[in-house]
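Trainee: I would like to learn how to read contacts and cores in a model. Can we take one case and work through it?

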Amino acid sequence: MAVTASEGPFSRALPWLVPLALIILWQVSSSLGWLPPNILPAPTAVLEAAWTKLQDGSLIDNLGVSFARAMSGLIIGGAIGFSLGLLNGLSKTGEMLLDPTLQMIRNIPHLALIPLVIIWFGIGESARLFLVALGVFFPIYLNTLHGVRNVDPQLIEMGRIYGMNNRTLFLKVILPGALPSIFVGLRFALGVMWLTLIVAETIAANSGIGHMAMAAREFMQTDIVVLSIVIYAILGKLADSATRALERKFLAWNPAYAKV
Amino acid sequence: MSSQPTGGSRVSLKDVKKAFGSNVVLQGIDLEIPAGQFVSIVGKSGCGKSTLLRLMIGLDTVTSGVLDAPALKEQAARIVFQEPRLLPWASVKDNVAVGLGEGQSGQAADQQAAAILEEVGLKGREGLWPSQLSGGMRQRVALARALVSQPTLLALDEPLGALDALTRIDMQALLEGVWQDLGFTALMVTHDVGEAVALGDRVILIDHGQVVLDLAVDLPRPRKRGTPEFAALEGQILDKLFGDDPRAREAH
């Protein structure tokens with residue numbers, strides 16, 4: 001998409017302008033006493049809370065726990081979704097056998113399973129992993145399937161005419177052709193991943209960022225609650241940027257991704 | 001470094017018939033195509049010309065009759081389609097390497113690819129992606145991919161049909177030059193009678209699944225379109241195509 005934007009430091013600063021203005025407004029409102037700290041603490045207070053939590057080590061611990069949970073869930077759910085997407089994309093029988101069932105399950109909000117998941121797994125680690133994996137499974141499954149199905153049939157015929165065997169055809173034609181769609185799935189999955197983790201950690205956990213927020217709520221520590229929210233925002237943004245970087249690397253051939 | 005002549009191979013069809021179910025597409029086709037000849041195949045849409053081409057390079061099998069083409073047994077037949085069908089995620093060089101087939105890599109393969117890219121005028125563009133090339137350039141890559149394995153039989157299915165008029169003239173000259181350099185047998189389906197006469201040693205007209213005209217073109221190359229001889233041959237083909245309907249001829 002070609003958007004007219006002038007080059008130079010101004011255009012680079014542009015995306016930061018609105019967030020910066022909001023933070024300044026927030027800080028000023030707090031300093032002047034318009035915003036009581038028990039409703040919303042000042043940005044400086046949130047930074048102070050971050051510093052305290054950093055020094056006692058609990059921030060890093062909780063962050064590490066949350067990050068590990070998110071990644072494990074993503075890898076487990078993503079791998080299953082990717083494999084089934086490929087299987088059903090490549091095999092008509094596979095699709096007929098599995099896809100209708102998966103489409104049916106997809107329409108159940110996965111968070112609706114929380115009561116059942118707690119009964120099955122208790123409130124341990126496996127319950128949270130299960131929820132995250134289930135959440136990321138569907139976007140990756142659907143987009144992988146869509147990507148494989150939509151590879152240009154003329155390219156597949158070309159590959160066959162040039163004598164590619166199934167393995168080469170898959171690696172050189174089908175997988176690269178499906179990749180843009182798989183990346184769309186990955187970005188959706190990352191959003192679902194954090195959302196699921198937040199819910200899972202606030203309901204039942206004794207560690208993690210979500211737990212940190214819930215524990216702070218009990219003592220009305222609004223600064224720590226806000227800190228947790230800010231951390232989620234940063235983690236989400238980082239995950240999105242990482243995916244964009246991957247897209248730029250692997251989809252450089254595509255004019256739509258060449259330079260964002 | 002340039003490409004060595006590969007030579008051509010003959011194709012012979014005796015009473016060939018092709019039917020899809022009860023639908024007879026080609027019937028009673030008898031053709032002898034000597035090695036190295038450039039054959040243009042023309043005809044209206046749906047006359048069976050593309051099917052004939054697919055038969056001759058082994059993409060389809062005959063229903064009855066005999067098709068004898070040594071290039072098919074030697075896996076030395078290649079095709080260029082109207083669309084370049086390049087892999088968008090592979091560089092020009094990697095797209096050409098697809099033409100070398102399985103397990104062909106290393107220095108010899110690289111040299112072959114480089115030579116053929118030079119032959120089609122793409123030297124210096126090895127690292128570009130197809131999206132960075134013009135339509136004519138993409139078709140050159142497709143031609144290089146087809147020729148890199150040194151085929152003796154090359155089928156061209158309306159290879160210039162999707163290009164603009166100026167690029168077409170350019171590509172016709174390129175095609176003629178490459179064919180003269182390498183010496184393969186060329187079978188080109190086209191809907192452009194002028195193009196058929198400009199490039200073919202011989203023009204074959206297909207109508208309702210049969211060969212209705214088999215015309216030798218004995219003009220010196222490169223051919224000039226404006227000459228009376230050229231126009232006479234074109235007229236002869238168009239007459240056969242449209243009969244005596246002057247309006248249809250005018251439209252063409």
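Trainee: How many salt bridges does the rule find across the interface of chain B and chain A?

Mentor: Two, in this predicted model. In one of them, Glu157(A) pairs with Arg85(B), and the closest N and O atoms are 2.5 Å apart. Polar contacts are counted as well: seven residue pairs between chain B and chain A, both residues at pLDDT 80 or more. On the chain B side, strand E5 (77-80) and H5 each supply at least two residues that touch chain A.

Trainee: What area is buried between chain B and chain A?

Mentor: About 1,700 Å², with carbon and sulfur atoms giving 64% of that area. In residues, 19 from chain B are in contact with 17 from chain A.

Trainee: Back to Arg85(B). Is Arg85(B) buried or exposed?

Mentor: Arg85(B) has a relative accessible area of 9%, so Arg85(B) is buried. Arg85(B) also forms a salt bridge with Glu83(B), closest N and O atoms 2.9 Å apart. Glu83(B) is partly exposed, at 29% relative accessibility.

Trainee: Which parts of the chain does the salt bridge of Arg221(B) and Glu176(B) tie together?

Mentor: Read the elements as well as the distance. The N to O distance here is 2.7 Å. Arg221(B) sits in the loop between strand E9 (210-216) and helix H8 (228-242) of chain B, and Glu176(B) in helix H6 of chain B, so the bridge ties parts 45 residues apart in sequence. Glu176(B) is buried at 9%, while Arg221(B) is partly exposed at 22%.

Mentor: Now follow shared partners. Glu157(A), Arg54(B), Asp60(B), Glu83(B) and Arg85(B) are joined by salt bridges into one network. Over all chains, the search finds 23 salt bridges.

Trainee: And the nonpolar side chains? Which residues have the most contacts inside the largest core?

Mentor: Start with the general idea. In soluble globular proteins, nonpolar side chains tend to be buried together. Here the largest nonpolar core has 55 residues, and Leu143(B) and Leu156(B) have the most contacts inside it. Elements of both chains give two or more residues to this core, among them helix H8 (166-203) of chain A and helix H6 (165-182) of chain B. H5(B) gives the largest share, seven residues. Domain 1 (11-76 + 153-251) and domain 2 (89-149) of chain B each give at least three.

Trainee: What is Leu143(B) in contact with, leaving aside neighbours within four places in sequence?

Mentor: Val80(B), Val120(B), Leu154(B), Leu156(B), Leu174(B) and Leu175(B). A second, separate core has 28 residues, including Val16(B) and Ile204(B).

Notes. Residues numbered from 1 in each chain as written. Chains lettered and ligands numbered in written order. Predicted model: local features only at pLDDT ≥ 70, side-chain atom pairs only at ≥ 80, totals over all residues. Heavy atoms only, no water. Core = buried A, V, L, I, M, F, W, Y, C linked by side-chain atoms within 4.5 Å. Buried < 20%, exposed > 50% of the residue type's maximum accessible area, 1.4 Å probe, protein only. Helix = DSSP H or I, 4+ residues; strand = E, 2+ residues; numbered from the N terminus. Domains from an automatic or database assignment. Contact = heavy atoms within 4.5 Å. Buried area = accessible area lost by both parts, 1.4 Å probe. Salt bridge = Lys/Arg side-chain N within 4 Å of Asp/Glu carboxyl O. Polar contact = N/O pair within 3.5 Å; in protein donor to acceptor, adjacent residues only side chain to side chain.
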